[in-house]
Amino acid sequence: DSPMNASPRARFAARHIESVTGYLFLLPDLLGLLIFLIIPIAYAFFISLHDWDGLSPMQWNAFDNYLNLFSDTQFWASLKITAIYTLIYVPVVYAISLGLALLVNQRLPFMRFFRTIFFVPVVLSLVVSSLMWKYIFDERAGLLNFLIGLIAIQPQAWLGSVELALPSIIIVSVWIQMGYFMVIFIA
């Protein structure tokens, strides 16, 4: 019997079963979202409304933590650094990624090799990447200081300098992500 020949009650039951089945397939994702995202965010907000050191009992202080936050100069300084990071990182990573995508999409020799080389930072462990860049930026024996020493420039404290730390972090971030966005642009 075709579904068109079934009674309205049978069609309704079939649609109801299909809907329930769909919601049952969604249930694990919804539970994961609830357990690992929504509940922790709600609990973090609840904690933020209290004065609590993690050991003693919580003391309700309503929005005092937020008022203190907005009057804290370190908060505004960190927000400024985050804005600078974002305003530099986003255009640079997209421009470099688009350029690489256009370059490696050409029918030239070794382009598969270069696609792989540019994508490697994406699949490297963050620990490996961090250690590699630590040795590149090392103040005493780093590769970068060795290279600039060859052209008679004094060694720099790349991660220990107020002026150089943010650009150094942006360089590492761009290096890690450019291969991912390159693949997205190629697709």
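**Exercise 1.** Determine in which hand α3 passes α4, and how the two axes are arranged.

*Solution.* The crossing of α3 with α4 is left-handed, a term for a near helix turned anticlockwise from the far one by less than a right angle, clockwise being right-handed. This is a predicted model, in which local features need pLDDT of at least 70, side-chain atom pairs count only at pLDDT 80 or more, and totals for chains, interfaces and linings use all residues. Residues are numbered from 1 along each chain as its sequence is written, and side-chain values use heavy atoms, with hydrogens and water left out.

Step 1. Helix α3 covers residues 73–104 and helix α4 residues 111–123; helices are DSSP runs (H or I, at least four residues) numbered from the N terminus.

Step 2. Their axes cross at roughly 155° and come within 10 Å. Axes are lines fitted to C-alpha atoms over the stretch in contact, and angles run from 0 to 180 degrees between N-to-C directions.

Step 3. α3 and α4 are therefore roughly antiparallel to each other (under 35 degrees is roughly parallel, over 145 roughly antiparallel, 65 to 115 roughly perpendicular, the rest oblique).

Step 4. In α3, Leu 100, Leu 103 and Val 104 meet Met 111, Phe 114, Arg 115 and Phe 118 of α4, contact being heavy atoms within 4.5 Å.

**Exercise 2.** Describe how α5 and α7 pack.

*Solution.* Step 1. Helix α5 (residues 126–137) and helix α7 (residues 165–186) have axes 12 Å apart, at an angle of about 140°. That makes α5 oblique to α7.

Step 2. The crossing of α5 and α7 is right-handed.

Step 3. Leu 126, Ser 129, Met 132, Trp 133 and Phe 137 of α5 meet Ser 168, Ile 171, Val 172, Trp 175 and Ile 176 of α7.

**Exercise 3.** Identify which residues touch the most other members of the largest nonpolar core, and which elements contribute to this core.

*Solution.* Step 1. A nonpolar core is a set of buried Ala, Val, Leu, Ile, Met, Phe, Trp, Tyr and Cys residues joined through side-chain atoms within 4.5 Å. Buried means under 20% relative accessible area, exposed over 50%, and partly exposed in between (1.4 Å probe, protein chains only).

Step 2. The core has 20 residues, of which Val 93, Phe 118, Trp 133, Phe 137, Met 178 and Met 182 touch the most other members.

Step 3. Two or more residues come from each of α3, α4, α5 and α7. The most come from α7, with eight residues.

Step 4. Leaving aside residues up to four places away in sequence, Met 182 touches Ser 97, Leu 100, Ala 101, Val 104, Arg 115 and Phe 118.
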